[in-house]
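Here is a walk through the inside of one protein model, with the focus on side chains and how they pack. Have the viewer open and click along.

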Amino acid sequence: MHRTILFFVILYTCQEIGWSEETITDQIDIRDEQVKLYSPVKPSAVNGASIDPNEFQQRGVSYTLRCGSNAGNFWVAFRYCIGQTQQLASDESTQDSKMLAKLLTDNSKMIMGKNVWLGATDAGKRNSWIWLSELRPVGGLTKYTRWKDNEPSSIAGNNMCMVAVLDNDEVKWKAQDCETSNCYVCQKYLT
């Protein structure tokens, strides 16, 4: 039942703001820089930074950071990741947080102070946060959360989505209007 409700929330949101499949596709520029952590990083993508791909491969998750001209609102990011058979990243453990913090720290020049979309929203019900990829409540059974102080915030009438921010080299979460343009991280579970 939750999947059906979520599908209609996403469909309604896209229709409400006048998006069609063509509109979303037009907002995605495939020439943008991206960093894939399970394969060697092109030095030009991150100004010479190098990342050991084996460090991330053994953990069973690969991340792709999208930024620059491909930065987009939450729904563009969500759709892009799904189109790549990935999902917007979730942060459900200390291990996830450490990997995301390393990705954001190592690529801070590419991000240039932007927030980074993660895959959680309260669009279905105000202040009821869920990870879209798993349709599980944020915090769920583990009670694991990384909200910054005084978060999640809310703007009357606006859907809120989760962003990751670096706070002393640690990932913290903030709520942000889903229509804001940000970088984003797609993730894929390796088999």
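You'll find Asn 73 in the loop between E2 and H4. Helices (H or I, at least four residues) and strands (E, at least two) are DSSP runs, numbered from the N terminus.

Asn 73 counts as buried, at 7% relative accessibility. Buried means under 20% relative accessible area, exposed over 50%, and partly exposed in between (1.4 Å probe, protein chains only).

A word on the source: this is a predicted model, where local features need pLDDT of at least 70 and side-chain atom pairs count only at pLDDT 80 or more, while totals for chains, interfaces and linings use all residues. Residues are numbered from 1 along each chain as its sequence is written, and side-chain values use heavy atoms, with hydrogens and water left out.

E4 is mostly covered, with six of its six residues buried. In a regular strand the side chains alternate between the two faces of the sheet. Here Val 116, Leu 118 and Ala 120 are buried on one side, and Trp 117, Gly 119 and Thr 121 are buried on the other.

Which strands does E4 pair with? Strands pair if DSSP finds at least two bridges between them. E4 and E7 pair in the antiparallel sense over three bridges, with Ala 164 as the E7 partner of Val 116. E4 and E9 run parallel, joined by two bridges, and Trp 117 has Tyr 184 as its bridge partner in E9. Two bridges also join E4 to E5, and these run antiparallel; Thr 121 stands opposite Ile 130 in E5.

## Aromatic pairs

The structure holds eight aromatic pairs. Rings of Phe, Tyr and Trp (its six-membered ring) pair if their centres lie within 6.5 Å; planes under 30 degrees apart count as stacked, over 60 as edge-to-face and the rest as tilted. Tyr 80 and Tyr 184 have ring centres 6.0 Å apart and planes at 65°, so that pair is edge-to-face. Tyr 80 belongs to helix H4 and Tyr 184 to strand E9, so the pair ties together parts 104 residues apart in sequence. Tyr 80 is buried at 9% relative accessible area, and Tyr 184 is buried at 0%.

Trp 131 and Trp 173 also form an edge-to-face pair, 5.6 Å centre to centre with 85° between the planes. Elsewhere, Phe 74, Trp 75, Phe 78 and Trp 117 form one aromatic cluster.

## Two nonpolar cores

A nonpolar core is a set of buried Ala, Val, Leu, Ile, Met, Phe, Trp, Tyr and Cys residues joined through side-chain atoms within 4.5 Å. The largest one has 27 residues, and those with the most contacts inside it include Leu 118, Trp 173 and Val 185. H5 gives the most to this core, with five residues.

A second, separate core of 15 residues includes Phe 74, Phe 78, Trp 117 and Leu 132.
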